[in-house]
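I opened the notebook today to look up salt bridges. Here is what I was looking at.

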Amino acid sequence: MKHFEANFDGLVGPTHNYAGLSFGNVASLNNAALTSNPKAAAKQGLQKAKSLADLGMVQGVLAPQERPDLYTLRRIGFSGSDAEVLQKAAQQAPALLNACCSASSMWTANAATVSPSADTRDGKVHFTPANLVDKLHRSIEPVTTGNILQATFNNDRHFRHHQHLPEHTSFGDEGAANHTRLCSEYGHAGVELFVYGQQATNPSAVKPTKYPARQTLEASQAVARLHQLEDESCVFMQQNPDVIDQGVFHNDVISVGNQNVLFYHEQAFLNTAAKFDEIRRKMNTEMHFVKVSTEQVSIDDAVRSYLFNTQIITLPSGEMAIIAPTNCQENPAVFAYLNELVTLGTPIKQVRYYDVKQSMQNGGGPACLRLRVAMNEQEVEAVNQNTLMNNALFTRLNTWVDKHYRDQLTVSDLADPQLIIESRTALDELTQILKLGSVYQFQK
Ligand SMILES: NCCC[C@H](NC(=O)CCC(=O)O)C(=O)O
């Protein structure tokens, strides 16, 4: 049977904006208060997704969330009509309003952790939505994320959906951004590498001092248990706290894997040599650890360019390609490194650049925009087929974006009640295009 690694990209929602909500994420803070372009953001994302489909990859899309989130605003005491709720929040608690308006669900690498059926004891593909408790604006995502995942992977025979972990910092979980599956072939059992930032139940363990470590070991272990993974196929590795303090808020800002390749910065992890030995021992195949030294690319350049927030994909020809943001072309050290990388004799033979600047300005590169789901043919057939990218869906979604999205949005626009109507109209139409049923609260 054939096996694939599908990418499900998050569609950028109509409220994409720069409110500077993510402490520890350098781009989010540096670009706070810029004017965003939601239409361009959505189209950049669609273009990247379509290009991967054109390369012969299985490519899907995940619907965005309903924002402004009026339900959370009512839950915290703002009352009256929808317009009144928005207006009161804007006057009394603008920071809370901003948190309820973020389009952050576009970064589907943080939507969930996914374990393919080849790794799980019951032979199903397991999904656990990330609770994202470290950031208020993201902590309101997991319930709807679960609804969207269930509507997209809507077949009990093949897909198992778990509830997100308890909403406490002990279980801080940021999903697939801190999880990499290594394997020989996508359909063979692999090693699931969980990278955490801190241990919640061990106060003497090292952790960052300036910026938050969003993922805990306890959360990663809980996900591994839920997903019925064998101990022999899991590796838990700590991220270097020093790089978190330099803006590496998720592991996918400093390393990325695909099959038997792990592309990483030498400062990414703690206890690197011992942990790589553990990976080698647990894998049944040769591993390629592709190391980038500080001399070649500094942490600062890695964070600015998102060299490691690239996607490494295996093309139908069997060659691996890196899907990089154009920001990597614009950084001389990184561009020079990537030009050299494809000549080094590693499995990575090509680099392709895509403009995802609207997302990058909030700290989300190509890898943040996608959730990987390795599946066999039968499982791909069991996916909601209306969410899979092709020429027709690409045209349809571009037309949909043109119809509903604004060219400009500032943080002060978030109090505009018209935005609620625009967003709901757009999402209602989207659920019909993708045949998702009622996944949003306003539809229930
Ligand atoms: N995986 C990439 C995630 C980027 C995301 N940025 C944000 O939420 C920025 C939103 C803002 O600042 O408006 C985050 O930090 O979780």
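My notes on the salt bridges follow.

Entry one. I am working with a predicted model. How many salt bridges does the structure hold? I got 24.

Entry two. I looked up Glu5 and found it in a salt bridge with Arg372, with the closest N and O atoms 3.8 Å apart. This pair links distant parts of the chain: Glu5 sits in strand E1 (residues 3-10) and Arg372 in strand E15 (residues 370-376), 367 residues apart. Are the two partners buried or exposed? Glu5 has a relative accessible area of 12%, so I noted it as buried, the cut-off being under 20%. Arg372 comes out at 17% relative accessibility, so it counts as buried.

Next I checked Asp402, which forms a salt bridge with Lys43; their closest N and O atoms are 2.9 Å apart. Asp402 belongs to helix H16 (residues 391-404) and Lys43 to helix H2 (residues 38-54), so the pair ties together parts 359 residues apart in sequence. I wrote down Asp402 as partly exposed at 40% relative accessibility, and Lys43 as partly exposed at 27%.

Then I turned to Arg406 and Asp416, a salt bridge with the closest N and O atoms 3.0 Å apart. Both lie in the loop between H16 and helix H17 (418-433), so this pair ties together parts 10 residues apart in sequence. Arg406 is buried at 18% relative accessibility, whereas Asp416 is partly exposed at 28%.

Last, I looked for a network. I found Glu66, Arg74, Asp82 and Arg424 linked by salt bridges in one.

Technical notes:
Residues are numbered from 1 along each chain as its sequence is written. This is a predicted model: local features need pLDDT of at least 70, side-chain atom pairs count only at pLDDT 80 or more; totals for chains, interfaces and linings use all residues. Side-chain values use heavy atoms; hydrogens and water are left out. A salt bridge is a side-chain nitrogen of Lys or Arg within 4 Å of a carboxyl oxygen of Asp or Glu. Helices (H or I, at least four residues) and strands (E, at least two) are DSSP runs, numbered from the N terminus. Buried means under 20% relative accessible area, exposed over 50%, partly exposed in between (1.4 Å probe, protein chains only).
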